[in-house]
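Visitor: I'd like to learn how to read side-chain contacts in a model like this one. Could you walk me through a few?

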Amino acid sequence: MELDVVVLALTTATAWGASAPLSKLGLNRGGTPFQVALTVVTVSVVVYWLGFLIQGESLAGLPLWVLGLFVVTGLFATALARVLAYNGVQRLGASVNSAGINTRPVWASLLAVFLLGETITAQMGLGILVVVAGLIALALSEGGDITGWEFRDLAFPLAAALTFAGGNVARRFAFSATDVTALSAVAINETAGLIGLLVYLLLRHGGGLGEVLSAPRASYAFFVGSGLLNALALFTLFEALNRGRVVVVDPLSSPTALFAILFTFLFLREIERVTLRLVLGAALVVAGVLLITGPQVVAL
């Protein structure tokens, strides 16, 4: 396993882990999940296209199917997935929601096996079972948002995880089939996501945009900070996918929950509860991820 792939994937996990508590702070100051998603994607688009121009990259010669693929992943694995994820942050809290999204490697590994022909092993199967055990522990943890949450609220991070996973498999396919750069790919991806969010906003709310987007300035300050961290996380994820297999990159980039729990414990103790069972559940999810990514010996 290449060291650069490991470093890139772990950078993704750390940045995403730090961004979730920031978005939770903004939500608690009057923001909404849609406002977070729109702000985060807007920040990403600005950052990536600035980098694109500075690097002097070009989309000329890029196959149309690759352009279309990253547009689709932007609409679903950026726009839709972010709205689902931030709904989870609002309902569950940053710590529990991050642990739910950490199931992404399970879905990504299964999709990579069936769609890309990558290999699943007995060890990976055991890892999936451990991840499921971690989710059960999370459901019984009584951690997360201090106002409480319902078991059905876990559907938001799990749906986001499945959507993120599908996007990662599609991106890896494009990277393995062409010489598209990570910067070009992520710029197209996030631009499509932003357009999708804006079209939804216009169709759903029309002339009431001001009311929909109104939020205390303090909320947007936290959302922009979350957006900068997400921009870093997504770029390092794309670069890792450009260099390594999905069944390696996706799990290594997923211990977000442990970082989110750490930042939550340090900065969000007044609005979130960190319990022993929450830590245990997140640890089981990460342990399952490590089993999935560890040395694979027995193929199924």
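Guide: Let's begin with ring pairs: rings of Phe, Tyr and Trp (its six-membered ring) pair if their centres lie within 6.5 Å, with planes under 30 degrees apart counted as stacked, over 60 as edge-to-face and the rest as tilted. Keep in mind that this is a predicted model, where local features need pLDDT of at least 70 and side-chain atom pairs count only at pLDDT 80 or more, while totals for chains, interfaces and linings use all residues. Residues are numbered from 1 along each chain as its sequence is written, and side-chain values use heavy atoms, with hydrogens and water left out.

Visitor: How many aromatic pairs does this rule give?

Guide: The count is eight aromatic pairs. Among them is a tilted one between Trp 16 and Phe 164, with 6.4 Å from centre to centre and 35° between the planes. That pair links distant parts of the chain, since Trp 16 is in helix α1 and Phe 164 in helix α7, 148 residues apart. Helices here are DSSP runs (H or I, at least four residues), as are strands (E, at least two), numbered from the N terminus.

Visitor: Are Trp 16 and Phe 164 buried or exposed?

Guide: Buried means under 20% relative accessible area, exposed over 50%, and partly exposed in between (1.4 Å probe, protein chains only). Both Trp 16 and Phe 164 are buried.

Visitor: Why is the pair of Trp 49 and Phe 52 edge-to-face?

Guide: In general, a pair of aromatic rings is described by the distance of the centres and the angle of the planes. For Trp 49 and Phe 52 the centres are 4.8 Å apart and the planes at 65°, so the pair is edge-to-face. Trp 49 is partly exposed at 26% relative accessibility, whereas Phe 52 is buried at 6%. Ring pairs also join Phe 70, Phe 175 and Phe 238 into a cluster.

Visitor: And how many salt bridges are there?

Guide: A salt bridge needs a side-chain nitrogen of Lys or Arg within 4 Å of a carboxyl oxygen of Asp or Glu. That gives four salt bridges. One of them joins Arg 243 to Asp 4, at 2.6 Å from N to O. Arg 243 lies in helix α10 (residues 217-243) and Asp 4 in helix α1 (residues 3-27), so this pair ties together parts 239 residues apart in sequence.

Visitor: Which residues make up the salt-bridge network?

Guide: Asp 4, Glu 239 and Arg 243. The side chains of Glu 239 and Arg 243 meet at 3.0 Å, N to O. Glu 239 is buried at 14% relative accessible area, while Arg 243 is partly exposed at 45%.
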